[in-house]
Amino acid sequence: MEHHLQTQLKREDIEKLNAGDVVYISGEILTARDEAHARILEMKEKGEKLPFSLEGAVIYHCGPLMQQTESGWKVISAGPTTSGRMSKMTPSLLKFYEVRAIIGKGGMKGIASAFENRCVYLAYTGGCAALAAELIKEVKTVHWLDLGMPEAVWVLRVEEFGPLIVGIDSKGKDIFAEVRERAEKVLEKLQG
Amino acid sequence: MSPKINRETFIRSIADLLRKAEIELPADVENALRKAEAVEESKVAKSQLQAILKNIGLARKYGVPMCQDTGIMIFFAELGTEFRPGFDLEAAIKEAVVLASSEIPLRPNAVDPLTRKNSGNNTGVGIPDIHWKLVPGNKLKITAAPKGAGSENMSSLRMFNPTESGSIRNFVLETVVNAGGMPCPPLTIGVGIGGSSDAASRLAKEALLERLDTPVDGLERDILEAVNALGIGCMGLGGSTTALAVHVKTAYCHTASLPVAVNIQCWANRHASVVFGGDE
């Protein structure tokens, strides 16, 4: 199945997505990687308000290469980073905020249950930075630039951003885990 | 005697070489990806391979790096004993890296290993990493092979007992299963067997530069077939092509040892070469 979604995402939007489906997203997405995740959770603990809304949000695991021009920020390259590094912080993030989709690469091991009834994990093709840059139409704004260019939260307007593969759906089905289990079985057999 | 080369021209050529390596995949690598896309039966894996091919086309069209991880700067140099540049080649290559970093641009990736301080220009102690080989003749061949971290982090080394050569295939398979989708498959897998711990690692990395369209047999084919039977597929989402190629390089080793290194390369098997000097 192929789906074309518009942000912000509602629970109904993601409930119809099944692991293995193809998704294209249009609208607004926010980049966040290690440092941004840590700060979001820190502020939550202190009871502080975030400078952006995560209501129905799409988070993109990405540390982009940006260039400042006279007319504003320009995306040079913006492919996905390895999501595994955010696995520890993601269950808390999904508990406190209504994030509806996370885009990244490589999957998120062992936390499929945190996605149940809340969120989906969308796999974007690793290394496809030129393609991603082409689909990002505008850099709307940037938060927390003090964390450095790759770690800041960039608010991007995208059009038909994809193809994204539903890696973990809101029923908790995890393709990466299934592929891994199968590969381990084949390996066992080959080792005889 | 080879004709003298100009330092400025040399720096320009190396910066252009890096641009080429970052923007254009070698034809044999791109062809291998096209072939993988054509035979793939999993719809998901096919969509990922199509995205990769589209990305390769866009990088070429716009002249931008194909991946945002523009890598750590690695060069392989074959220096003819009769080649006389008349200037410090290593310093000139370093200067070319700084130039390429700002003009392409490249993401600044080189950091101090302990303080993690970034130099901002892809150079530092030991970086660029240049491997010199002395060869007969009056030419200098330089290959740029910028390497991303996602794949390099999945590489491994094991010192086997001399009688365990039958376990080499399984060691490669374990490395690939542990890596899963993280190193951005379809992979090129370099295997270095023999030498010593460092020589085996070097051989494994050099093996990545071998052409992907040469027929393989024996151990290489055996490993490749087993790797693709794992079904990890493009990006770890399942599929028939987990690796495009496996290349093995060997060297004699101590009778009491059997070093084996596996170097994992992502789909973006980037490298480009240039030759200076010669008879012309």
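Helix axes here are lines fitted to C-alpha atoms over the stretch in contact, and angles run from 0 to 180 degrees between N-to-C directions. The model is predicted. In it, the axes of helix H2 (residues 27-39) of chain B and H3(B) come within 9 Å and cross at roughly 150°. Angles over 145 degrees count as roughly antiparallel, so H2(B) is roughly antiparallel to H3(B).

**The H2(B)–H3(B) pair**
- The crossing of H2(B) past H3(B) is left-handed.
- On the H2(B) side, the contact uses B:Glu30, B:Leu33, B:Arg34, B:Ala36 and B:Glu37.
- Their partners in H3(B) are B:Lys46, B:Leu49, B:Gln50, B:Ile52, B:Leu53 and B:Ile56.
- By class, this contact of H2(B) with H3(B) holds six nonpolar, one polar and four charged residues.

**The contact between chains A and B**
- Chain B puts 39 residues into the contact, and chain A puts in 35 residues.
- Three helices of chain B each supply at least two residues of the side that touches chain A: H3 (43-62), H6 (168-179) and H8 (218-229).
- H3(B) gives the most to that side of chain B, with 10 residues.
- The side of chain B that touches chain A comprises 24 nonpolar, 12 polar and three charged residues.

**Helix H7 of chain B**
- H7(B) spans residues 197-207, and its buried residues are B:Ala200, B:Ser201, B:Leu203, B:Ala204, B:Lys205 and B:Ala207.

Key: Residues are numbered from 1 along each chain as its sequence is written. Chains are lettered from A and ligands numbered from 1 in the order in which they are written. This is a predicted model: local features need pLDDT of at least 70, side-chain atom pairs count only at pLDDT 80 or more; totals for chains, interfaces and linings use all residues. Two residues are in contact if their C-beta atoms, placed from the backbone, lie within 7 Å. Helices (H or I, at least four residues) and strands (E, at least two) are DSSP runs, numbered from the N terminus. Ala, Val, Leu, Ile, Met, Phe, Trp, Tyr, Cys and Pro count as nonpolar, Asp, Glu, Lys and Arg as charged, and the others, Gly among them, as polar. Angles under 35 degrees count as roughly parallel, over 145 as roughly antiparallel, 65 to 115 as roughly perpendicular and the rest as oblique. A crossing is left-handed if the near helix is turned anticlockwise from the far one by less than a right angle, and right-handed if clockwise. A residue is buried if 20 or more other C-beta atoms lie within 10 Å of its own, exposed if 12 or fewer, and partly exposed in between; C-beta atoms are placed from the backbone.
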